[in-house]
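Here is a short report on one protein model. Keep the sequence and the 3D view open as you read.

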Amino acid sequence: MRTLITGGGGFIGSHLCERFLAEGHEVVAVDNFITGRKENLKPLLKQKNFRLIEHDVSQPLAIDGPVDNILHFASPASPVDYLMYPIQTLKVGSLGTHNTLGLAKAHNARYLMASTSEVYGDPEQHPQREDYWGHVNPIGLRGCYDEAKRFSEAIVMAYHRSHGVNTHIVRIFNTYGERMRLDDGRVLPNFMGQALRGEPITVYGNGSQTRSFCYVSDLVEGIKRLLFTEFHEPVNLGNPSEVSILEFAREILDLSGSQSPLEFKPLPQDDPKVRKPDITRARQLLGWEPKVDRHEGLNRTLAYFQKQVGQGESAT
């Protein structure tokens, strides 16, 4: 099979490239590297079944030869990134999704779009189920990402209903693991980077807000299973083990042995107070649930970040 992965140089995208190559696929990765990193793909570049195209999928893309699967993972995905690139985020969620759907239609390919738990906004339902429509501020600072993904979901379903494209939507909850950027602004790399450098651990609000962290290998397994179903509505993938941000900060301090103090700052606008996936649909449809517990996953991720900090690599 020939599988095209947009955002292939990103954190999750690079793990997907690696997994599909291991499954015997020919993999074509597409990335313009505004937030992805070529370093993430370096081990794959010498493999004969791997091809890298440096391209912005907000612009039309033509691929010669057959394409069996398209996984659309191109997008800035952390608050730091999408607040820096709000227009690019909106374009890749709209034009980029439109272009890749057109490619899937032309090649009669399976299509899977990376959506996000951010479509639920600051939720009034807890835990969040796929039939919940969300509580989103469309003109707030986070609106560029939230609404880009909500539009993406709408056009994916339109292509399925109008053109019969075999589409799939995964709503990804907080995911972590090797190849995250230390400076990407998400809570886990923030805490680990600060702990390893001996800097104060920045906790926004009083730390009572919650998150649920899924290790990247578990997510990739769920995505692979979803791609080969005939189910077309959104599916949550994430780890329902919920932890408060304050408790999580203390876990990182204990794990790293850091003496960093806690530093409290005001909660950013529209920051979700709770985040926990209901994964009933994934369990029933895919026979999937997370296997890697948080302690094990954090140990693996910490070892990766220790090397990054040791090499003086904070971002690139």
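## A stacked pair in a loop

Y132 has 13% relative accessibility, so it counts as buried. Buried means under 20% relative accessible area; exposed means over 50%, and partly exposed lies in between (1.4 Å probe, protein chains only). Y120 is buried too, at 0% relative accessibility.

This is a predicted model: local features need pLDDT of at least 70, side-chain atom pairs count only at pLDDT 80 or more, and totals for chains, interfaces and linings use all residues. Residues are numbered from 1 along each chain as its sequence is written, and side-chain values use heavy atoms, with hydrogens and water left out.

The whole structure holds eight aromatic pairs. Rings of Phe, Tyr and Trp (its six-membered ring) pair if their centres lie within 6.5 Å; planes under 30 degrees apart are stacked, over 60 edge-to-face, and the rest tilted. Y120 and Y132 are a stacked pair, 5.9 Å centre to centre with 15 degrees between the planes. Both lie in the loop between β5 (110–116) and α4 (143–163), so the pair ties together parts 12 residues apart in sequence. Helices (H or I, at least four residues) and strands (E, at least two) are DSSP runs, numbered from the N terminus.

## An edge-to-face pair and a cluster

Y176 and Y215 pair edge-to-face. Their centres are 5.6 Å apart, and the planes make 65 degrees. Y176 sits in strand β7 (residues 175–176) and Y215 in strand β10 (residues 214–215), 39 residues apart. Y176 counts as buried at 1% relative accessibility, and Y215 at 4%.

Y176 and Y215 also belong to one aromatic cluster with F191, F213 and F248.

## An enclosed helix

How many of the 11 residues of helix α5 (residues 187–197) are buried? Eight are, so α5 is largely enclosed by the rest of the structure. Among them are F191, M192 and G193. The cover over the buried residues includes β7, β8 (201–204), α7 and α9. After α5 comes G198, with a positive phi near 75 degrees.

## Two packed helices

Helix α7 (residues 245–256) packs against helix α9 (residues 294–310) at about 60 degrees, with axes 11 Å apart. Axes are lines fitted to C-alpha atoms, for helices over the stretch in contact, and angles run from 0 to 180 degrees between N-to-C directions. That angle makes α7 oblique to α9. Under 35 degrees is roughly parallel, over 145 roughly antiparallel, 65 to 115 roughly perpendicular, and the rest oblique.

Contact means heavy atoms within 4.5 Å. Among the contact residues are F248 and L255 of α7 and L298 and L302 of α9.
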